[in-house]
Structure formats: C-alpha cells, structure tokens
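Please look over the sequence and the model shown here before reading the notes on helix packing, a side chain and aromatic rings.

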Amino acid sequence: MALPFVVTLRGYDMRQVESLFAEVDGALAADSAVLRDAARDALRATTLRRRIRGYASRDVDAAIAQRLAALALPGTRSGPAQPPAITPLPFVVTLRGYDMRQVESLFAEVDGALAADSAVLRAGARDALRTATLRRRLRGYARRAVDDAVAERLRVL
C-alpha cells in the first residue's frame with residue numbers, strides 16, 4: 001500500500017502505519033457500525049513506533065485526525081463512506097507561528113463537520129473554533145493566515 005506521506009528521519013514505522021490505515025480505510029469503506037467503532041478504537045489506542053527512517057509524524061497525525069473525524073460521521077444510506085482525502089493545509093511555516101499539530105487537528109474536526117449533514121456536528125465545530133486557544137511555537141503556521149481561515153470557516157458554519 002502506498003500512502004501519500006513524506007519519508008523522513010525519525011518518522012513513524014512505515015509498516016505499522018500502513019497496517020493501521022489499511023484497517024481504518026477498510027472500515028470506512030464498509031457499511032458496518034461495528035467495524036467503524038473498532039477502527040475508531042484502534043486509532044485512539046495506537047502508539048506508533050518511531051524509526052530512523054519513517055513517515056513524517058506531522059502528516060500521519062493529521063491523517064489520523066481526519067480519519068477520526070470521518071469515523072465519527074454516520075455512514076451514508078446510498079453506500080459506504082469513502083476514506084477522506086489527505087490534503088495538506090495551505091499555511092506557510094514561519095517563526096513564532098501557531099502550533100502545527102493543534103491547527104491541523106482543529107481543521108480536521110471542522111472539515112469533518114462541514115462534510116457531514118449534521119447540525120450537531122457543525123455546532124460542535126463552531127464552538128471548537130470559537131473557543132480554541134492556539135499555542136504559539138518557535139516554528140509554526142503563519143498566524144494571520146490561520147486566523148483568516150478560522151474566520152472563513154466560522155462564516156461557512
């Protein structure tokens with residue numbers, strides 16, 4: 001299985017990640033609530049090993065957050081749910097920017113709610129955006145771009 005992750009030094013074990021995502025993507029493609037619950041539990045309980053050469057941890061963490069959001073959505077009646085596309089956020093990395101993992105997790109939740117047809121999920125995502133206190137890091141996403149994206153998502157929600 002070829003996953004669209006960058007291979008880096010000190011990344012996550014590639015075999016473990018591929019095995020985990022095969023299980024989760026299979027559950028997303030199936031129309032079974034039991035499989036979806038098991039996949040959600042597997043994602044939450046997993047501890048990924050680091051290797052000298054492995055998948056970039058930031059990319060894998062973002063994909064895990066996206067899949068958790070997709071697993072929270074109910075399956076459609078017209079067919080099984082499809083695995084979410086892994087799309088990197090279009091933010092520039094700068095000095096003294098917002099914590100990248102926190103931003104990616106927040107936007108994965110919001111984008112999952114936008115893809116859903118549930119007013120409850122959208123309200124939860126709107127509350128998460130309004131109450132989010134984004135941490136600053138030495139190296140992170142450009143604050144102005146993230147703030148603009150948050151304001152745009154709030155308008156859509």
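The notes below take up these topics in turn.

This is a predicted model, in which local features need pLDDT of at least 70 and side-chain atom pairs count only at pLDDT 80 or more, while totals for chains, interfaces and linings use all residues. Residues are numbered from 1 along each chain as its sequence is written, and side-chain values use heavy atoms, with hydrogens and water left out.

**Packing of α2 and α3**
- In the contact, with heavy atoms within 4.5 Å, R36, A39, R40, L43 and R44 of α2 meet I64, R67, L68, A70, L71 and A72 of α3.
- The residues of this contact of α2 with α3 divide into 7 nonpolar, no polar and 4 charged, where Ala, Val, Leu, Ile, Met, Phe, Trp, Tyr, Cys and Pro count as nonpolar, Asp, Glu, Lys and Arg as charged, and the others, Gly among them, as polar.

- Q16 is found in helix α1 (residues 14-29) and is buried, with a relative accessible area of 17%, buried meaning under 20% with a 1.4 Å probe and protein chains only.
- Not counting residues up to four places away in sequence, Q16 touches T46, T47, L48 and R49.

**Aromatic rings**
- A search of the whole structure finds 4 aromatic pairs, a pair being rings of Phe, Tyr or Trp (its six-membered ring) whose centres lie within 6.5 Å.
- One aromatic cluster is formed by F5, F21 and Y55.

Note on methods: Helices (H or I, at least four residues) and strands (E, at least two) are DSSP runs, numbered from the N terminus. Buried means under 20% relative accessible area, exposed over 50%, partly exposed in between (1.4 Å probe, protein chains only). Rings of Phe, Tyr and Trp (its six-membered ring) pair if their centres lie within 6.5 Å; planes under 30 degrees apart count as stacked, over 60 as edge-to-face and the rest as tilted.
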